[in-house]
Amino acid sequence: PATGVLQVTGRINRDALPLWLHPNVSVILRVEDSPSGGHASEMEITIIIDDINDNPPECNPSTFRKEANENMIAGTFLLDLRNYCKDIDVDPSNNRFNFTGLSGFGSNNFALESTGSGRLVITGSIDLENPAYLGVEVYSLTVRVQDIACPDYSNIIYIYIRIKPVNEFFPVFSNLSYEFNVPEITKVGSSIGRVNARDKDWPPSAITYSIVAGGGTRDYTNIFWISPTKGDVKILARLDYETTQKHILTVQASDQEKTATASVTVNVLEVNDEEPVCSPNFYSFQIPVSLAVGTNINGFRIECQDRDSDPRSFRYFINEGNVNNHFIFSPSAGSNISRLILASRFDYESGLDTNWIYRLRVYITDDNLLFARDKTTHLINTGTVTLSIRVIPNLPTVIATTPGFTVVTKRENLYSESAWYVPFIITLGGLLLFGLLGYLGFLLATWVCTRCPPAGKAYGAPLINAPEKKKPKKEVVVTMTKLNTVFDGEARDPVTGRMYEFNTQSGARRWK
């Protein structure tokens with residue numbers, strides 16, 4: 001008040017309201033010549049507030065996170081920093097700023113178009129599969145935003161750029177095709193091989209495997225399974241060389257976007273796992289005790305088939321029931337057809353033979369099942385056939401004894417009611433026989449009458465009554481053996497192949 005010197009009493013902020021809108025300040029100054037009421041005068045003083053560069057440029061946010069694909073071409077725009085930064089100084093000469101000092105890890109892959117624009121661009125394609133970039137996914141950059149006017153205040157901007165991998169490559173199998181050799185007796189669920197595929201993308205893509213074609217049979221839609229993650233191929237059903245010798249699969253590898261396929265060939269290796277099947281597998285017949293040695297018994301032959309063996313590999317053995325070795329098979333090996341031969345005669349008179357019924361158990365061995373070291377030690381029984389042979393003794397029809405006594409053995413078959421044709425045939429045959437005997441008797445009587453002279457006129461001599469000589473009386477004993485024909489067995493005729501029933505006691509037969 002005494003000196004009239006005008007001073008600033010507080011900080012003036014040109015960048016804040018109200019000075020930001022009205023930078024002039026007007027004051028009225030009163031001057032008096034006497035404190036007690038003298039003369040006074042007033043004057044208006046206008047103060048113009050000038051702006052100075054007292055604020056640094058600021059960015060909001062000051063930290064940026066961006067993503068960029070690895071296959072972006074050079075010059076691709078990433079970020080415009082000027083959109084996020086400003087300087088609150090009012091005077092244009094004080095609020096201008098530049099972007100400088102791009103640095104940090106991987107900064108050589110990026111650039112600012114110009115210091116004034118603040119546009120961040122990529123300078124070259126980043127290839128994550130390139131060893132120079134391998135394993136690098138995030139780049140950390142810093143940029144300085146700085147005043148142009150003095151005293152050039154500045155701030156730091158932090159930029160994190162994550163490089164996104166791009167699925168650029170197709171999966172590639174380690175082999176163009178795979179081939180697995182698998183024995184046909186491999187257990188269900190066993191792993192028979194593995195396929196493998198990779199792609200060049202980094203980080204490595206997860207590969208998923210699947211069977212898209214092949215591997216089916218008539219009975220199973222697909223008999224193979226592949227592990228989706230490991231590529232192990234397993235079998236779900238039993239393999240059979242005799243049905244299918246080769247399976248061709250199409251296996252696909254997928255990284256969820258791109259796929260590749262490979263061919264898998266499964267060769268089924270033959271294993272001798274099939275047993276011989278013989279026909280007939282049961283047979284029953286009768287032979288006379290006087291049958292000659294070397295005879296093919298009843299023309300019987302056995303025929304065997306094996307889907308996985310050559311006919312020359314069969315061997316035939318009678319391991320049960322061949323008492324005194326009366327029977328053999330010829331040939332005993334090297335053929336799938338063999339005949340039953342009587343090897344030695346029967347001898348019941350001396351007591352050597354006592355069995356009248358032989359039940360033979362025949363074993364058919366497949367040589368393919370024998371390992372070299374086992375062929376001389378033991379055999380593997382793979383097929384069986386049962387034969388029932390009844391030996392019929394030679395019984396005479398009429399046996400003469402002492403004079404005047406004759407024993408007649410009569411055999412009578414009693415057939416079941418179902419065999420209606422048997423009594424018909426027997427009756428018809430009897431009638432024909434009686435007719436034939438009657439005709440022969442008539443012829444005999446006619447011949448005797450023509451050859452013998454009448455009584456009392458022979459040679460002109462009278463007939464002398466001689467005492468009649470009595471003939472010894474003969475007694476006839478008739479024994480009847482009733483053979484009840486109950487058909488308790490059946491067999492196949494080796495010639496026609498037809499089945500028939502038979503009675504094991506009498507040998508009577510009838511076709512089925």
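A salt bridge joins Arg-30 to Glu-42, with 3.1 Å between the closest N and O atoms. Arg-30 belongs to strand β1 (residues 24–32) and Glu-42 to strand β2 (residues 40–48), so this pair ties together parts of the chain that lie twelve residues apart in sequence. The model examined here is a predicted one, and eight salt bridges were found in the structure.

Taken together, Arg-30, Glu-32 and Glu-42 form a linked network of salt bridges.

Further along the chain, Arg-194 pairs with Asp-232. In this salt bridge the closest N and O atoms are 2.6 Å apart. Arg-194 sits in strand β14 (residues 191–194), while Asp-232 sits in strand β18 (residues 232–235), so the contact ties together parts that are 38 residues apart in sequence. The surroundings of the two partners can be described in terms of accessibility as well. Arg-194 has a relative accessible area of 49% and therefore counts as partly exposed, whereas Asp-232, with a relative accessible area of 15%, is buried.

As a general point, side chains of opposite charge can pair when their charged atoms come close.

Terms used
Residues numbered from 1 in each chain as written. Predicted model: local features only at pLDDT ≥ 70, side-chain atom pairs only at ≥ 80, totals over all residues. Heavy atoms only, no water. Salt bridge = Lys/Arg side-chain N within 4 Å of Asp/Glu carboxyl O. Helix = DSSP H or I, 4+ residues; strand = E, 2+ residues; numbered from the N terminus. Buried < 20%, exposed > 50% of the residue type's maximum accessible area, 1.4 Å probe, protein only.
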